[in-house]
Amino acid sequence: MSEKLNLCVLFGGESTEYEISLRSVTSVLENLDKNKYNITTIGITRDGKWRLFDKDTSLIINNNWYSDDLKKASPDLGEKDSSFIITDNEGNVSKIKTDIVFPVLHGANGEDGKLQGMLEMAGMKYVGVGVLCSCVSMDKAYTKIVFKEAGIDQADWVTINDYELSDLEAIMDRCEKKLGYPMFVKPSNAGSSIGIGKAKTREELETAIRSAFTYDRRIIVEEFLQGREVECAVMGTRGNIKASCVGEILAANEFYDFEAKYSDKVESGLVIPAKFENNCEEKIRNLAIKAFNALDGKGLSRVDFFCDDKNDIIRINEINTLPGFTSISMYPKLFMNEGMSYAEILDNVIEFGLK
C-alpha cells in the first residue's frame, strides 16, 4: 500500500453489545498504522444517530464521545460513490471518500447483515463477512441448521418462538424429554453471552426462558455439553482461509457468561495455545474452516467449540463473525500467538475486505 487508504471506522450501534463495541474500537484505533490509513471515525448512538467523531479517542471507551456539535454522517446511497455525506449544524454538506469501511460493531444492526447490505447498496467495500453469512450466523437457530446440513457435530437443541409461549408447559415438557437437565437457554440473536441462562430444574428453565425472551423473539434451548471451552480464529478470502492455533477459556463463573468475559470483578483465564490429546487441535482448526465455509464466510470470524480431547469428541458451539477486538479479546490474541502483531492483524482483515 504505497498510498494511504481512506479508511472509515464505524463503532457503537443499536445493540445490547454497544459497550463492547466501544472497547473494541478503542483498541482498533490505537493500533491502526497511521502511516497507512487516512482514518475517518463515525459513531452510532444507542438510538441510531450517526455522527462524525473527530475528537480524542479516549472519550469513546467510557461513552463520553457523543456531543451535540458533532456533524451528522450517513452513507451516500443516492450516488453509490463510496462516500459518506457529512452535514454540520448549519446545514452545510460535504463528502468524505472512503476506500473501505471497518465496522467495529457487535450484535444487532452491525453484525446481522443489515449494515453489510446497506454498505453494498452504497457501493462500499467493508471488512468482514458478507450479508448471507452475517444474517445466518447471527441467528443461532438457523446457524445450527446449516451446521447440521454440513455434518458438523453440535449440541442438540429446541427452538422456541414467542408466539409459542401460550403453551409454555408443553414446551418445557419437550425440552425435558429431548435434552434433559442441565440445559442452556439462549436468545437466538444475541452475543457476548447476554441473556444466557443455565437451568438445572423446571423452575429455573421457566425463569431462563422468560428472561431470554426479553432479548429476542426467538430463543434456543440446548443440551449441556461436557468439555473444555475452546476457540479458533479464522481469516482469509473464500477458498483461502487460515486458522489460528486454538485457545482455551477457563471461565471464572459457572459458565463463560457476560461477567466472566468482561467484568473487572472476575478474571477468566485464557490458555494460548491450548494443549490437547488425540491430535484434537488440528481437528478443531479444520472444523473451524469447514464451519466458516459452510456459512459462505470471508474476512474473519471466531469459531467456538466444546472439546473432550481424552475421548476425541469435538462439538461446535457457535461462530462470531465480528469477534471482539478489545485488549483482552481472544481473536487478536490467537493470531498474535502465530507471530502477527495487532496492527498486522488489522492490515490483513482490511486487505481481505479490499479483495
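How are helix 3 and helix 4 oriented to each other? Helix 3 and helix 4 are roughly perpendicular to each other, where angles of 65 to 115 degrees count as roughly perpendicular, under 35 as roughly parallel, over 145 as roughly antiparallel and the rest as oblique. This is a predicted model, in which local features need pLDDT of at least 70 and side-chain atom pairs count only at pLDDT 80 or more, while totals for chains, interfaces and linings use all residues. Residues are numbered from 1 along each chain as its sequence is written, and side-chain values use heavy atoms, with hydrogens and water left out.

**Helix 3 and helix 4**

- The axes of helix 3 (residues 131–138) and helix 4 (residues 140–149) come within 5 Å and cross at roughly 110°; helices (H or I, at least four residues) and strands (E, at least two) are DSSP runs numbered from the N terminus, and axes are lines fitted to C-alpha atoms, for helices over the stretch in contact, with angles from 0 to 180 degrees between N-to-C directions.
- V136, S137 and M138 of helix 3 make the contact with K140, Y142, T143 and V146 of helix 4, contact meaning heavy atoms within 4.5 Å.
- The residues of this contact divide into four nonpolar, two polar and one charged, with Ala, Val, Leu, Ile, Met, Phe, Trp, Tyr, Cys and Pro counted as nonpolar, Asp, Glu, Lys and Arg as charged, and the others, Gly among them, as polar.

- Five strands in the order 14-13-12-15-16 form an open sheet with antiparallel pairing, two strands being paired if DSSP finds at least two bridges between them.
- Strand 14 (269–271) and strand 16 (313–320) are the edge strands, each pairing on one side only.
- From one strand to the next, the twist averages 30°.
- Helix 10 packs on the sheet, where it touches strand 12 (228–237) and strand 15 (299–308), and its direction makes about 55° with that of strand 12.
- Strand 13 (residues 240–250) runs antiparallel to strand 14 and is joined to it by three bridges, and E248 stands opposite V271 in strand 14.
- Among the buried residues of helix 10 (residues 342–354) are Y342, I345, V349 and F352, buried meaning under 20% relative accessible area, exposed over 50% and partly exposed in between (1.4 Å probe, protein chains only).

**Strand 9 and its partners**

- Strand 9 (residues 183–187) is mostly covered, with five of its five residues buried: M183, V185 and P187 lie on one side, and F184 and K186 on the other.
- Three bridges join strand 9 to the antiparallel strand 10 (residues 197–199), in which K198 is the bridge partner of F184.
- Five bridges join strand 9 to strand 11 (residues 218–223), also running antiparallel, and P187 stands opposite I219 in strand 11.

**Loop residues and backbone geometry**

- D76, in the loop between strand 4 (72–75) and strand 5 (83–87), is buried with a relative accessible area of 5%, and its contacts beyond four places in sequence include D81, K95 and M124.
- The peptide bond from Y181 to P182 is cis, with omega near -5°, and P182 lies in the loop between helix 5 (168–178) and strand 9.
- A cis peptide bond also joins I272 and P273, with omega about -5°.
- N278, which is not a glycine, has a positive phi of about 60° and is partly exposed, with a relative accessible area of 38%.
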